[in-house]
Amino acid sequence: MAFDPLGIVRTLNEHEVRFAVVGGFAVAAHGVVRATEDLDVVTDRGLANAERLTAALRSLNATASQPLEPEVLVRRLDLRVSTDLGQIHLLREVPGIPDYRRLERESVEVDGIRFEIPTIEALRQMKREAGRDKDRIDLAELDELHGSG
Amino acid sequence: MSQVNSHTDPRQQTWNSPEQIARHRAMSATERIKLCVELSREALRFAAARRARR
């Protein structure tokens, strides 16, 4: 199975899930391209969005260590989900990941598929707060490309 | 004093090329996401092949 993050984003969009792509693909969009094993997404809170997310994940034959039900997906999330199109990392209320509604976002279109990603400033703030080794490396490279802001 | 190493891997030379770096910086966000997809697929394929050999 080939990793198809564009297909995952298209499916989430088709189900009208409110989410933003963070992690490796957001960092790539802002200039630092590296390989990533999954698609990191932060989803909006609320039961209606969790229901839409559940439907989208079902259409991708998703499996995870917890039941993929709205009652689970509405809670704090740090959950890796395997799907027909590759792995999704669902994130909400974890260090370095702001609430979807507070996240400053911008849109990028790839092959007709709309990606919502954090702005460069929001991404830098997330990297500073997460503070893992790979976040510090990403931050240094973003600073080199965009200036240290 | 810096010294040119004649045994440097050509791939490393490519990444040290100012032209290549400038070209990469000039890419659009869309192009970078597409490149990230390709790079990630190749990395996952490589990892899967290594696991299969073990």
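**Sheet in chain A.** I began with the strand order in this predicted model: chain A has an open sheet of 4 strands, ordered β1-β2-β4-β3, with mixed pairing. Strands here are DSSP runs of E of at least two residues, helices are runs of H or I of at least four, and both are numbered from the N terminus. Two strands pair if DSSP finds at least two bridges between them. I then looked at the edges: β1 (19–22) and β3 (77–83) of chain A each have a single partner strand, so one side of each is left without a neighbour in the sheet. From one strand to the next, the twist averages 30°.

**Ground rules.** I noted that residues count from 1 along each chain as its sequence is written, while chains are lettered from A and ligands numbered from 1 in the order in which they are written. As the model is predicted, local features need pLDDT of at least 70 and side-chain atom pairs count only at pLDDT 80 or more, whereas totals for chains, interfaces and linings use all residues.

**β1 and its partner.** β1(A) runs antiparallel to β2 (residues 38–43) of chain A, with 4 bridges between them. I looked up A:F19 and found its bridge partner, A:T43, in β2(A).

**Helix α1 of chain A.** α1 (residues 5–14) packs on the sheet and touches β1, β2, β3 and β4 (86–92) of chain A; contact means C-beta atoms, placed from the backbone, within 7 Å. Its direction makes about 50° with that of β4(A), where axes are lines fitted to C-alpha atoms (for helices, over the stretch in contact) and angles run from 0 to 180 degrees between N-to-C directions.

Which residues of α1(A) are buried? I found A:P5, A:I8, A:V9, A:T11 and A:L12. Buried means 20 or more other C-beta atoms within 10 Å of a residue's own, exposed means 12 or fewer, and partly exposed is in between, with C-beta atoms placed from the backbone. These residues cover an arc of only 160° around the axis, which puts them on the same side of α1(A); the arc is that of the directions from the helix axis to the C-beta atoms. Just after this helix, A:E16 has a positive phi of about 60°.

**Helix α5 of chain A.** In α5 (residues 120–130), I noted A:L123, A:R124, A:M126 and A:K127 as buried. They fall within an arc of 160°, so they line one face of α5(A). A:E121, A:R128 and A:E129 are exposed on the other side. The cover over the buried residues includes β1, α2 (23–29), β6 (113–118) and α6 (133–146) of chain A. A:G131 follows α5(A), with a positive phi near 65°.

**Chain B.** I counted 3 helices and 0 strands. Of its 54 residues, 9% count as buried.

Definitions and conventions
Contact = placed C-beta atoms within 7 Å.
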